[in-house]
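Below is a short note on this model, arranged as numbered points for a reader who has the coordinates open.

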Amino acid sequence: MTFDIHSTFQNTINGQLSSTKETRHGINPATGEANPDVPVSTQEDVDKAVAAGQEAFKTWSEKPFEERVKALRAYADAIEEHAAEFAKLLVREQGKPIQFATFEAKGSAGIIRTQADIAADLKDEIIEDSDTKKIIVRHTPIGVAVGIIPWNFPHSLTVIKLAPALLTGNVIIIKPSPFTPYCALKLVELAQRFFPPGVVQALSGDERLGPWLTEHPGIGKISFTGSSATGKKVMESASRTLKRVTLELGGKDAAIVCKDVDVEKVAAEVVSKGLFNSGQVCLAVKRIYVHESIYEPFLKAAVSYAKTVPVGPGTEEGNFMGPLQNSMQYEKVKGFFADLSQDQLSLSHSDTQPFDDKGGFFIRPTIIDRPDERSRIATEEQFGPILPLLSWTDEDDVIARANNSNLGLGASVWSDDLTQASRIARKLQAGNVWVNTHFESDPRAPFGGHKESGIGTEGGIHGLRAWCNLQSLYLKK
């Protein structure tokens, strides 16, 4: 199969590219221009893909582990070979600056290789091996899985779901976001070179497609990344057939800044962790608690740094922030600005206008000085480049305030006193906690959230186990 990343974008069902009568298209968020047409899948397409997946599972699940690893490593090499082309496509559909798109595309190959290395440790566990019996705990594949991909990291999150599914003997149907379907469709098209028909499939669609997949009785596992509100709907739908679910959902990550830090340096670092990908990261810093004794100089440094952040189309070298990805998110973030006073906005924007008129969904970085802690910007996930700063004096109080959220994905502590920082970090209710950094990740470690930030984990040996059923095998001698 000839692979042209710039050609038509189609579904992949049972090893074959297919189109649909109805189509739709995404929007280039930097220009507002239409991207190419993509299929709008039907219920019949879903049924065909599930049936093909069930048939492929019979043989793929029996493949020796070494053969599955060999196929995935060859696939990783192909992704790396086409990384530059994928990066350009990623900029076009998602909007992120080219240097970060390149890092994401190249990083996807590394994710696959690391997962393959880790999977070698997913061995049977011997509970007992005596003269009379042997007890073995086995990790067996679930069957046909579905990976539901969000629009903020459409390339890397496709392989984050695809690789562990296939390594553990499952087959997978990728459902990309309607806003960013292009990289995922091409990743699955490329995969046909390396995997038998039906092992890796892709279905593009509208708002009907997700429920068709989560409700389908032939599917055994859903891995979903997205908002907490949608995640609850996915879990409710999957519960009707008791599908296994992994839900990686939203966050309201707190960064706690202690009084002993280098103010200029840490202000820039913390703010940058909130602005990366235009704030459209579940693990981005979304509220900053600064010790009262350094609050004013920190605020000044944060605002000064935010004003220097280059914003513009992802195709232009040097930009740190591109546009928000879609009009829905753009309007949502503008709604947060509507709740703020002109004094609050003028801190970051002398003209009190955070919206850049560049033909796309651009919003400039904005720092908010001590908003009401009950306000939307202090309590809801903004998923945009607007950061509230709040002050604190008492350690127990700031821990309680940071934990006072129904979300618990990530948090960080910034201090030159590692004893204090570690003490605070261990009391934070989040699945991922950092000291003197934020949202760094490692595919060898489990990634997941507490509370309404998710169910289960991805990454590491723990994430691989989430793609398996456990079987206790008793052998009487």
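The points that follow cover basis, helices, strands, cores, cysteines and salt bridges.

1. Basis. The model is predicted: local features need pLDDT of at least 70, side-chain atom pairs count only at pLDDT 80 or more, and totals for chains, interfaces and linings use all residues. Residues are numbered from 1 along each chain as its sequence is written, and side-chain values use heavy atoms, with hydrogens and water left out.

2. Helix 1. Helices (H or I, at least four residues) and strands (E, at least two) are DSSP runs, numbered from the N terminus. Helix 1 covers residues 43-60, and its 18 residues should span 26 Å at 1.5 Å a residue; the end C-alpha atoms are 25 Å apart, which agrees. The expected span is 1.5 Å times one less than the number of residues. Among the buried residues of helix 1 are Asp45, Val46, Ala49, Val50, Gly53, Phe57 and Trp60. Buried means under 20% relative accessible area, exposed over 50%, and partly exposed in between (1.4 Å probe, protein chains only).

3. Strand 6. Strands pair if DSSP finds at least two bridges between them. Strand 6 (residues 133-141) runs antiparallel to strand 5 (residues 125-129), with 4 bridges, and a hairpin of 3 residues joins the two. Glu128 has Ile135 of strand 6 as its bridge partner. Strand 6 is also antiparallel to strand 23 (residues 468-476), through 9 bridges; there, Lys134 is partnered by Leu475.

4. Arg465. This residue lies in helix 16 (residues 460-465) and is partly exposed, at a relative accessible area of 36%. Arg465 is in contact (heavy atoms within 4.5 Å) with Leu122 and His139, leaving aside neighbours within four places in sequence. The C-alpha atoms of Arg465 and His139 are separated by 7.3 Å, although the two residues are 326 apart along the chain.

5. Cores. A nonpolar core is a set of buried Ala, Val, Leu, Ile, Met, Phe, Trp, Tyr and Cys residues joined through side-chain atoms within 4.5 Å. The largest has 117 residues, and those with the most contacts inside it are Tyr75, Leu166, Phe195, Val257, Ile288 and Phe298. Helix 4 (residues 98-119) gives the most to this core, with 9 residues. Apart from this core lies another, of 16 residues, including Val398 and Ala430. Beyond four places in sequence, the contacts of Ile288 include Val257, Phe298 and Leu387.

6. Cysteines. The structure holds 0 disulfides, a disulfide being a pair of cysteine sulfur atoms within 2.5 Å. For Cys282, the nearest cysteine sulfur is that of Cys183, 18 Å away. Cys282 is buried, with a relative accessible area of 13%; Cys258 is also buried, at 1%.

7. Salt bridges. There are 27 in the structure, each a side-chain nitrogen of Lys or Arg within 4 Å of a carboxyl oxygen of Asp or Glu. One joins Lys232 to Glu452 (2.9 Å, N to O). Lys232 is in helix 8 (residues 228-239) and Glu452 in the loop between strand 21 (450-451) and strand 22 (454-455), so this pair ties together parts 220 residues apart in sequence. Arg401 bridges to Glu373, with the closest N and O atoms 2.9 Å apart. Arg401 is buried at 17% relative accessible area, whereas Glu373 is partly exposed at 31%. Glu292, Glu296, Asp369 and Arg370 are linked in a salt-bridge network.
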